[in-house]
Amino acid sequence: MYIPAHFDAGPDVIHELLTRPNAANLVTVTTQGLLATFLPLIYDPSVGEHGALHGHLARTNPQWSEAVIGESLVIIQGADAYISPSWYASKEEHGRVVPTWNYSTAHVYGKLAVHDDATWLANHVRQLTDLNEAGFERPWSVDDAPERYISGQLRAIVGVELVITRIEAKAKLSQNRPDMDVDGVVAGLDAQGRTEIAADVTRARQERQRRDAGRA
């Protein structure tokens with residue numbers, strides 16, 4: 001991934017992308033060509049040197065059974081938004097502004113393992129459910145469904161584990177703009193109800209200011 005120095009994502013951004021409830025694209029290279037599936041994932045930091053991403057595929061999905069060539073890739077996407085140049089104070093000052101797109105993303109590379117056993121799958125589905133239900137007033141639990149029904153559902157899926165070898169992450173969040181332009185970006189995003197990425201832009205500016213202070 002092309003990552004200019006001012007858009008290089010720090011450890012906090014990477015941790016947020018890995019640990020928040022999320023779905024992402026799993027991409028593998030096989031003898032049949034590139035295969036990709038969008039699937040929910042959960043991060044387990046205890047596996048290997050860099051942790052692992054756990055997910056599952058439908059048993060009828062051929063991606064799990066095709067032999068993988070080399071590394072596999074998970075593409076995780078954070079909040080993103082179109083950035084209008086009309087939000088920049090610089091527009092009124094000199095007009096030399098153009099539209100852009102703000103986003104955070106991580107390309108997570110690793111070795112893919114397949115888990116086709118009921119115990120691994122049951123633990124995975126329970127952890128994944130608990131993570132995503134945590135914010136609900138009355139969270140649903142796997143135990144709320146009949147055991148026989150859950151057992152049948154588990155037989156229809158196969159677990160996948162990406163043991164992470166390296167991560168490339170980018171946070172393009174207006175760090176290259178002057179503070180008055182960043183103020184306009186945050187206000188513009190908030191006005192559209194894009195509060196998540198507005199908060200990301202604010203945090204990115206704070207991180208840039210801390211780095212600049214450390215170099216002073």
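V29, L34 and I69 together make a nonpolar surface patch of about 280 Å², where a patch is built from residues with over 30% relative accessible area and no salt bridge, like charges being joined within 9 Å and nonpolar side chains (Val, Leu, Ile, Met, Phe, Trp, Tyr) within 5 Å. Accessible areas come from the Shrake-Rupley method with a 1.4 Å probe, and for residues only the protein chains shown count as cover. I69 is found in the loop between strand 3 (52–58) and strand 4, and I69 is partly exposed because its relative accessible area is 45%, the class between buried (under 20%) and exposed (over 50%), with a 1.4 Å probe and protein chains only.

This is a predicted model, in which local features need pLDDT of at least 70 and side-chain atom pairs count only at pLDDT 80 or more, while totals for chains, interfaces and linings use all residues. Residues are numbered from 1 along each chain as its sequence is written, and side-chain values use heavy atoms, with hydrogens and water left out.

## Overall architecture

The secondary structure of the protein comes to 6 helices and 6 strands, these being DSSP runs numbered from the N terminus (helices H or I, at least four residues; strands E, at least two). Along the sequence the elements follow the pattern α-β-β-β-β-α-β-α-α-β-α-α, and the C-alpha atoms fill a box of roughly 65 × 45 × 30 Å when taken along the principal axes.

Of the 216 residues in the protein, 43% are buried, and the accessible surface comes to about 12200 Å², of which 54% belongs to carbon and sulfur atoms. Among the contacts (heavy atoms within 4.5 Å) with a separation of 6 or more, 75% are accounted for by residues 24 or more positions apart.

## Strand pairing

Strand 4 (residues 72–83) pairs with strand 1 (residues 22–30) in the antiparallel sense over 3 bridges, and V27 stands opposite L73 in strand 4; two strands are said to pair if DSSP finds at least two bridges between them. Strand 4 also pairs in the antiparallel sense with strand 5, over 10 bridges, and here D80 stands opposite Y103 in strand 5. In a regular strand the side chains alternate between the two faces of the sheet.

H115 is placed in strand 5 (residues 100–115) and counts as buried because its relative accessibility is 17%. Its side chain makes a polar contact with the side chain of E161 at 2.9 Å, a polar contact being a pair of N or O atoms within 3.5 Å, of which, within protein, one must be able to donate a hydrogen and the other to accept it, with residues adjacent in sequence counting only if both atoms are side-chain atoms. Leaving aside residues up to four places away in sequence, H115 touches W120, L121, V158, G159 and E161.

N123 lies in helix 3 (residues 118–133) and is partly exposed, with a relative accessible area of 43%. Although N123 and A106 are 17 residues apart in sequence, they stand 26 Å apart in space, C-alpha to C-alpha.

## Salt bridges

A search of the whole structure finds 11 salt bridges, each defined as a side-chain nitrogen of Lys or Arg within 4 Å of a carboxyl oxygen of Asp or Glu. One of them joins the side chains of R166 and E168 (3.3 Å, N to O), where R166 is partly exposed at 35% relative accessibility and E168 is partly exposed at 23%. Another joins D181 and R177 (2.7 Å, N to O), and D181 counts as buried because its relative accessibility is 0%.

R210 forms a salt bridge with E207, the closest N and O atoms being 2.8 Å apart, and because these residues are 3 apart in helix 6 (residues 195–215), about one helical turn separates them. R210 counts as exposed at 52% relative accessibility, whereas E207 counts as partly exposed at 27%.

## A positive phi angle at S174

S174, a residue other than glycine, has a positive phi, near 65 degrees. Most residues other than glycine have a negative phi, and most peptide bonds are trans. The place of S174 is in the loop between strand 6 (157–172) and helix 5 (179–191), and S174 counts as buried because its relative accessibility is 3%.
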